[in-house]
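Reader: I am new to this structure. Please take me through one part of it closely, and then show me how its surroundings are put together.

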Amino acid sequence: MRNSELPDSHILKTVLEPLLDDFQYWFERSQNFLEKERLSFMSEQEQTDLRSRIQQAQAELNSAKMLFQATEGQVGIDMATLAPWHKLVTEYWNVVRRFHSEQAT
């Protein structure tokens with residue numbers, strides 16, 4: 001009999017796996033952008049701090065992905081872990097939006 005407390009691995013693979021891939025994409029993209037561009041509206045320290053927070057989130061993401069793969073999709077990830085990653089990606093999007101806005105003027 002299946003334990004109703006355990007997540008359905010098919011649902012987790014269908015939903016969580018692409019979500020983790022999306023985070024991986026955005027973290028890599030943001031790292032590349034922040035290493036390449038010098039942002040006039042952020043101090044060097046602010047830009048370094050953002051890059052460091054993204055690196056930390058990438059390390060957390062890599063650990064989560066390894067655990068997910070090692071358990072063949074039998075574990076989920078707590079929203080308390082995902083929420084800061086989402087906030088960080090949103091922060092990056094806002095930085096890029098401002099960068100492009102300033103480049104256009």
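Author: Start with glutamine 47, which lies in helix 2. This is a predicted model. Is glutamine 47 buried or exposed? Its relative accessible area is 4%. The cut-off for buried is under 20%, so glutamine 47 counts as buried. What does glutamine 47 touch, leaving aside residues up to four places away in sequence? Its contacts are Leu34, Glu37, Arg38, Leu39 and Met42.

Now follow the helix itself. Helix 2 covers residues 44-70. Its axis and that of helix 3 come within 10 Å. The two axes cross at roughly 140°. Angles over 145 degrees would count as roughly antiparallel. Helix 2 is therefore oblique to helix 3. The crossing of helix 2 past helix 3 is left-handed.

Which residues make this contact? Helix 2 brings Leu50, Arg53, Ile54, Ala57, Glu60, Leu61 and Ala64. Helix 3 answers with Trp85, Leu88, Glu91 and Val95. Sorted by class, the contact of helix 2 with helix 3 holds 8 nonpolar and 3 charged residues, and no polar ones.

Next comes the loop between helix 2 and helix 3, where glutamate 72 lies. Phi of glutamate 72 is near 55°. That is a positive value in a residue other than glycine. Is glutamate 72 buried or exposed? Its relative accessibility is 58%. Exposed means over 50%, so glutamate 72 counts as exposed.

Angles under 35 degrees would count as roughly parallel. Helix 1 passes helix 3 in a left-handed crossing.

Which residues of helix 1 take part in the contact? They are Leu19, Leu20, Phe23, Trp26, Phe27, Arg29, Ser30 and Phe33. From helix 3 come Leu82, Trp85, His86, Leu88, Val89, Tyr92, Trp93, Val95, Val96 and Phe99. The contact of helix 1 with helix 3 counts 15 nonpolar residues, 2 polar and 1 charged.

Note on methods. Residues numbered from 1 in each chain as written. Predicted model: local features only at pLDDT ≥ 70, side-chain atom pairs only at ≥ 80, totals over all residues. Heavy atoms only, no water. Left-handed = near helix turned anticlockwise from the far one by under 90°. Helix = DSSP H or I, 4+ residues; strand = E, 2+ residues; numbered from the N terminus. Contact = heavy atoms within 4.5 Å. Nonpolar A, V, L, I, M, F, W, Y, C, P; charged D, E, K, R; others polar. Axes fitted to C-alpha atoms, helices over the stretch in contact; angles between N-to-C directions. Parallel < 35°, antiparallel > 145°, perpendicular 65-115°, else oblique. Buried < 20%, exposed > 50% of the residue type's maximum accessible area, 1.4 Å probe, protein only.
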